[in-house]
Amino acid sequence: MLLTAALLATAHAAAAPFLEFDPANQTEMDDTSHNNQFRIRLLKKPSASMTVYLEASGQSVFFAECSKTFTADNWNTFQVVKFRATPQYTTLANQTYALKARIFNTSAIDQTYAVKRVVHTGGQCSSTGDPHYKTFDGQQYTRMTDVPLWLFKSEHLDVQAVQAPCVPGSTIRCNKAAAIRYGSSVFVADARSGFNVSSILYAATGNADGAEITASNGNQTYAFRFPDGSTVTVSSNRYQNSTHAYVNINLNVPPTCGSNGGVCNKLGNTNGFVLARNGTWFNLTKTQNCPLGDAWTDSWNVPAAENLFNLKYTSSVPQWRSAVLCTVPSVANVIAASGINRAVYPQYTGSYEYIVPTSSIKTTSTAAPKTTSTTAAPKTTAYTTAAPKTTVAPTTVHYTTATATPTVALADSCLKECQDELKDTNCNLLLQITPYLGACKADCMLTGTFEFVESHKAAYLTDCKKIVDQLAKSTNKNETDHATKVQEKNGFGDKTCPNNCSGHGKCTDLGCKCDKGFGGRDCSRARGSNKPTATKSAQSPVRTGKNGKKCRAKKN
C-alpha cells in the first residue's frame, strides 16, 4: 500500500496509521475548483462499523461531510472526501494545512494528512447609495436605471437589484430591493414599502439548496451565505431620517464562479475594461459621469422572462448544497460541526412594483432537501399557474440637461466631512480611501446633505473588515498583529466599540453607527448641521438622460 512517513499517526497515545489516503503523501486544494477531493479507506478490517471523523486546521477548509463510516464489508473500498477552501479576498501565498482524521477504538486515535492549498482570490463587488458601484476589479462608477439590473449572473448564482426614487417625487434613485437565486432557491430583500425592516426579507421559494441566512443590526442587515462560499449582504438604511429606506448590496464571490456576467464585471478580469452581455468590451472610464446608463449597463438590464422578482428563472443543481466546518468529537459518535440554518421566513405581503403571483410562491419548509444528483441537467422552472393581477410599470425618470455650477465652498465642505468620517478608521494602510471619498463627496453635492456620509463610512469599513478577517487567518505574525490592532480600535466583530460610541450611536459589527448630527470613529464629533456650507446656492451637477443626450460607452 502507498503509505509514507508523511502519514504520521498522532494520538492521545502512540498509534500506528489506520487509514490509507489517495493521493498518498498530500493532496492539493485548488481555489478555482468545485471538485477538490481525496479518498480514504481503512488499513485493517474492523470487527464492527467504524466511523472516521474529519477536521482541518483553523477555519480553512469546508467539507461536504464531517465523517465517513466503514463496515466489515466495505473497509478496503475507497470513499471520496469532498472539500473546498474558505474563500480568500486578499493575496496570500500558497499554504499547507494539516487535516486530522480520528477514530475511536479503546481510545481516540488520530492520524494527520497534508492539504496544500493553491490560493486564488475571489471577488468583491458592491452597490451602495444612489447607487455607486464597485466592480470586482476595483472600477467605480454611478448609474441610475428604471429597470431591474443584474449585479451578478452565473449558472448557479444570480443577484438582481431594483432602483426607485429615494423618496417619492425625487429624481434621485436608490437601490430599493435585491433578489438572489442560488440553484433553485430564490430570496428577496425589499425596502420599497417603507422602513419596516423586520419584514423586508421573504423567501420566495423553499430553501432547498443549503442557504444560511442571518440577521443583524436589528434585522436591518441580512447575510445570505451559500455552500459554495458565496456571500450576499443586503442592509437597509433610512434615507435622510425619513420613513423611506434604501439598501446597500455587497457580494463576496469565490473564484469558482469565474464564468459570470453582470455590472460587477467579469470575475478575475484584469484588462481594465468591462464586459457587456453580448461579449463586447467597453471602456468604463469614458462614461464615469453618465448617471442614467450606457450601452454596457443597458446590456445587463433584466428582461421580464428572467426577472427574479417575478420568479422567472432557470433553476440549476449547484455543485455544493451543503458545506460544513468540521471538528472531530472528543467522544465516540458525536459530531461537532456547524449546521445549516434552514429557518422559515414569512411571505412578503406588501405592495409590489413588480407583482409576484401568489399562486406561484412555494411554501418555505425546514425539511431536509431531497438528494439530487449533481450531474443532472438544469431544468427550466416555468410559473404559469396564474398571471399577476396587476402589473405596475416602473416609473420612468427623465433627466434633463442642466448647467453644473456647484461652488468650490460646497465641494470643500462635502470633502472635509467625508474625510473626517473616513480618515480615522485605522484602515487606511489596508484599503485605498480615495474612491470612497469620491463617492461620498459626489452624494453630498448631489443631495445637499451629509445623509449618505454614514453609509459610505459603513461601505468603507465593510471592505476593511473583510481584509482584516483574512489577515487574522494569516501565518504571518505581523499581519495578524495588525489585524488585531484594527479590530480592537474599530470594535470589529465583537461589538466592543470605542468609548461606547460616546452615547451618540449604536455599536455594530462594523463599530459605531453614529446618530444623526454626530460622526467619527466613536461618534464624539458633533457636526452641528446636516448640510454642507456654501457661499452661494449650487445647482445639481449635469445629468443627461432620456430627454437629453444619452451617454454611450466607447467600445474597446
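Me: How do the axes of helix α3 and helix α4 cross?
Reply: In this predicted model, the axes of α3 (residues 434-447) and α4 (residues 453-471) come within 9 Å and cross at roughly 165 degrees. That makes α3 roughly antiparallel to α4 (over 145 degrees counts as that). Axes are lines fitted to C-alpha atoms over the stretch in contact, with angles from 0 to 180 degrees between N-to-C directions. Helices here are DSSP runs of H or I, at least four residues, and strands are runs of E, at least two.

Me: Which residues of α3 meet α4?
Reply: Tyr436, Ala439, Cys440 and Asp443 in α3 meet Val453, His456, Ala459, Tyr460 and Asp463 in α4 (contact means heavy atoms within 4.5 Å).

Me: How many bridges join β5 to β7?
Reply: There are 3 bridges between β5 and β7 (residues 79-85), and the two strands run antiparallel. Phe63 stands opposite Phe83 in β7.

Me: Anything on the numbering and cut-offs?
Reply: Residues are numbered from 1 along each chain as its sequence is written. Local features need pLDDT of at least 70, side-chain atom pairs count only at pLDDT 80 or more, totals for chains, interfaces and linings use all residues, and side-chain values use heavy atoms, leaving out hydrogens and water.

Terms used
Parallel < 35°, antiparallel > 145°, perpendicular 65-115°, else oblique. Pairing = 2+ DSSP bridges.
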